Amino acid sequence: MKVNTIAAPLSLVVPSVLATPQPVTFESKCADLTRSFTAPDTKVLIAKYVPKGTNITFPESANNTCPKFVVTLADICRLTLNVSTSETSSVIVESFMPKDWESKGKRFLMTGNGGLGGCVPYSDLAFGSSLGFATIGHNNGHAGDTGVPFYNRPQVVVDYVWRALYTAGKIGKRAVASFYTSNISKSYYMGCSSGGRQGMKAAQDFPEEYDGILSVAPAINYEGIQAAASRLFKITGKPGDATFLNLEQWIRVHKMVVDQCDWIDGVLDEVIEDPTKCIPRPEALLCETGQSWESHQCLTPTQVDTVRKFYEPVYGTNGEYIASRLQPLTREWIGFRFYYGGVASYLSEQWYQYAIFNDPTWSLTNNWTISTTEYTLKKNLHNVQTFNTNLTALKSHGTKLLHYHGTADCLISSENSYDYYNGVSRTMGLKSSQLDEFYRFFPISGMDHCYSGNGAWYLGGPVQYNTPGALDIDPNDSVLMKMVDWVEGGKAPEKLVGKKLVDGKVLGERGHCKYPAKTKYKGSGNPDLASSWTCENSQF
Ligand SMILES: *[C@@H]1O[C@H](CO)[C@@H](O)[C@H](O)[C@H]1NC(C)=O
Ligand SMILES: *[C@@H]1O[C@H](CO)[C@@H](O)[C@H](O)[C@H]1NC(C)=O
Ligand SMILES: *[C@@H]1O[C@H](CO)[C@@H](O)[C@H](O)[C@H]1NC(C)=O
Ligand SMILES: *[C@@H]1O[C@H](CO)[C@@H](O)[C@H](O)[C@H]1NC(C)=O
Ligand SMILES: *[C@@H]1O[C@H](CO)[C@@H](O)[C@H](O)[C@H]1NC(C)=O
Ligand SMILES: *[C@@H]1O[C@H](CO)[C@@H](O)[C@H](O)[C@H]1NC(C)=O
Ligand SMILES: *[C@@H]1O[C@H](CO)[C@@H](O)[C@H](O)[C@H]1NC(C)=O
């Protein structure tokens, strides 16, 4: 047999290796995961020590909108896995496991995705691992922020809705447990937008996987927000339509809202604390006889009608409430690019084309009506709605849910989050003082979608650290660490202090109060100082 012919030389080699045993280092243990880490349906793609300050590049993202590189903020073991989730689907799972994990609390952190993504949130992996968390991310079952991979592949849709998150969490914990000698002490989740929805999915369906969940600007009532987006496109139309407003005209509408609503909270700063109090009156912009946009920057009655509809909620054919309006005083020029600039939003159109109808010819322009939404709401594909307001299992398990949403969000209305919080209150029959034990919601004034805005928006939350100046802010002050204080120290947040980060510099601070308390200006003092504001009516 051939075996014997190779047995002799091997036996000569082995003793010399044994004679000089290599010490097990963090680096060698990491590389060894290629051999030592095994799990069902799982293939190790990369197991490699990466020192702090390394620029890792992702050439595989050349043709999509996913990150092209990330600079590590800690010495880590990078473990990349390919986990098959069915015969026809798989998820890429990335782990950044830091060297100082044991001394920094032995914490596990799962991160979320965005849009229709498709993209590993590498900046969150870098941020989480810099704080000592063994941080996991995944590609949500397909590559790129696109719905095309859903086409005729229903299992890829299942991954997007919940299974990639669930699978990555399970395999991530297994990887962390096998790499370090200690067990995980606490498990956390953080994500914004689609990632916020994933956090709510975990809160509703598998709360036992996490001790603390940070859900930001969640895309819950998923078909409702798709309807809101589609409706904005339909009511505004295309350039040249009588209903259409161009970018300059939306900027004028923005100024009108500032004039009508900015004073309500007592400070003129283009930030409104409580957008639910703002009901714009676009008739203020009507052209008088003989006036035009060119001569007077005014609007036609048809355009005014567009703006009025724009700030109304979405109702079904029988008048039933489907989704909240886009709250006033966003930075309307950003939403313009996505929803109402005359181009159909890929986020909605691709969802309908590839996940719902399996028909690439289907279009928002020709085919969307409110009946489409009534159909998708009834279908509620794999419970993508993620709007179960019964958090009894989360409460029983002792999991904490920290939820915030920018009230200047131009993509997902913050009023959607108020709807959910109040829905949980009614379903569970608990007042806010009773919800406080396990669920706290913070509206963040002047914050756009996940990051940026005119207000004190920087909190050290998901998708935020990759902004100029963020690295100069003490990560110990981050909302992620506030979550840890709540879970591990019993110190529940009453307000979240945000920083007004502009062009890399911190220009102010504000404490955003826990809903339903109101963040109120004291009436005097520099509004850019947190001390000039107070929380009122916290016993609502
Ligand atoms: C990392 O490398 C990529 C590709 O070479 C480059 O485009 C990027 O600027 C680098 N980033 C940093 C911070 O050096
Ligand atoms: C990106 O697209 C170009 C042109 O189609 C192709 O040549 C290249 O291989 C693609 N790169 C990746 C990483 O898929
Ligand atoms: C992951 O595995 C699946 C098969 O389960 C394969 O089709 C896919 O190409 C793999 N992806 C990568 C990046 O290796
Ligand atoms: C880790 O947890 C397992 C199961 O709960 C337990 O049996 C084991 O002793 C723990 N190991 C350490 C190092 O604490
Ligand atoms: C979408 O609209 C086009 C144009 O009106 C029509 O031809 C097509 O049948 C519609 N598609 C569906 C699936 O209804
Ligand atoms: C909420 O869920 C729990 C199980 O987790 C169930 O016992 C309870 O009846 C549900 N409450 C409502 C109002 O549906
Ligand atoms: C953050 O807190 C940790 C633990 O308390 C401490 O070791 C570290 O120096 C702090 N970081 C900064 C930037 O203050």
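1. Which two residues form a disulfide with their sulfur atoms 2.1 Å apart, one of them being C192? The pair is C192 and C450. This is a predicted model, and the points below should be read with that in mind. The torsion about the S-S bond of C192 and C450 is about -95°, so this disulfide is left-handed. C192 sits in strand β8 (residues 186-192), while C450 is in the loop between β13 (439-444) and α18 (479-489), so the bond ties together parts that are 258 residues apart in sequence. Both ends, C192 and C450, are buried.

2. With the bonded cysteines counted along the chain, the pattern is 1-3, 2-4, 5-10, 6-7, 8-9, 11-12. Two further pairs are described next.

3. C66 is joined to C119 by a disulfide, with an S to S distance of 2.1 Å. The torsion about this S-S bond is about -80°, so the disulfide of C66 and C119 is left-handed. C66 belongs to the loop between β2 (55-57) and β3 (69-71), and C119 to the loop between β6 (107-111) and α4 (122-130), so the pair ties together parts that are 53 residues apart in sequence. C66 and C119 are both buried.

4. C287 and C298 are also joined by a disulfide, S to S 1.9 Å. Here the torsion about the S-S bond is about 95°, so the disulfide is right-handed. C287 is in the loop between α8 (247-261) and α9 (293-296), and C298 is in the loop between α9 and α10 (301-310), eleven residues apart. Are the two ends buried or partly exposed? C287 has a relative accessible area of 24% and is partly exposed, whereas C298, at 5% relative accessibility, counts as buried. The cut-off used here is that buried means under 20%.

5. A disulfide requires the two sulfur atoms to be within 2.5 Å. C410 has a relative accessibility of 2%, so this residue counts as buried.

6. N139 is placed in the loop between β7 (134-138) and α5 (154-179). At 10% relative accessibility, N139 counts as buried. Leaving aside neighbours within four places in sequence, N139 is in contact with V91, I92, N113, G117, G118, C119 and V120. One of these, C119, is the disulfide partner of C66. Another, I92, has its backbone nitrogen 3.0 Å from a polar atom of the N139 side chain. N139 and A168 are 29 residues apart in sequence, and their C-alpha atoms are 9.4 Å apart in space.

7. The last point concerns empty space inside the model. Rolling a probe the size of a water molecule over the atoms shows where such space is left. There are three cavities of 30 Å³ or more, and the largest cavity has a volume of about 130 Å³. Its lining is made of 18 residues, of which A228, A229, S324, R325 and L326 are the closest to the centre. Which helix gives the most to this lining? Helix α7 (residues 222-236) does, with six residues. By type, the lining residues of the largest cavity are eleven nonpolar, four polar and three charged.

Note on methods
Residues numbered from 1 in each chain as written. Chains lettered and ligands numbered in written order. Predicted model: local features only at pLDDT ≥ 70, side-chain atom pairs only at ≥ 80, totals over all residues. Heavy atoms only, no water. 1 Å grid on protein atoms, 1.4 Å probe; cavity = no way out; pocket = protein on both sides within 12 Å on 5 of 7 lines; lining within 4 Å. Points joined across faces, edges and corners; volume = space filled by probe spheres on them. Helix = DSSP H or I, 4+ residues; strand = E, 2+ residues; numbered from the N terminus. Nonpolar A, V, L, I, M, F, W, Y, C, P; charged D, E, K, R; others polar. Buried < 20%, exposed > 50% of the residue type's maximum accessible area, 1.4 Å probe, protein only. Contact = heavy atoms within 4.5 Å. Polar contact = N/O pair within 3.5 Å; in protein donor to acceptor, adjacent residues only side chain to side chain.
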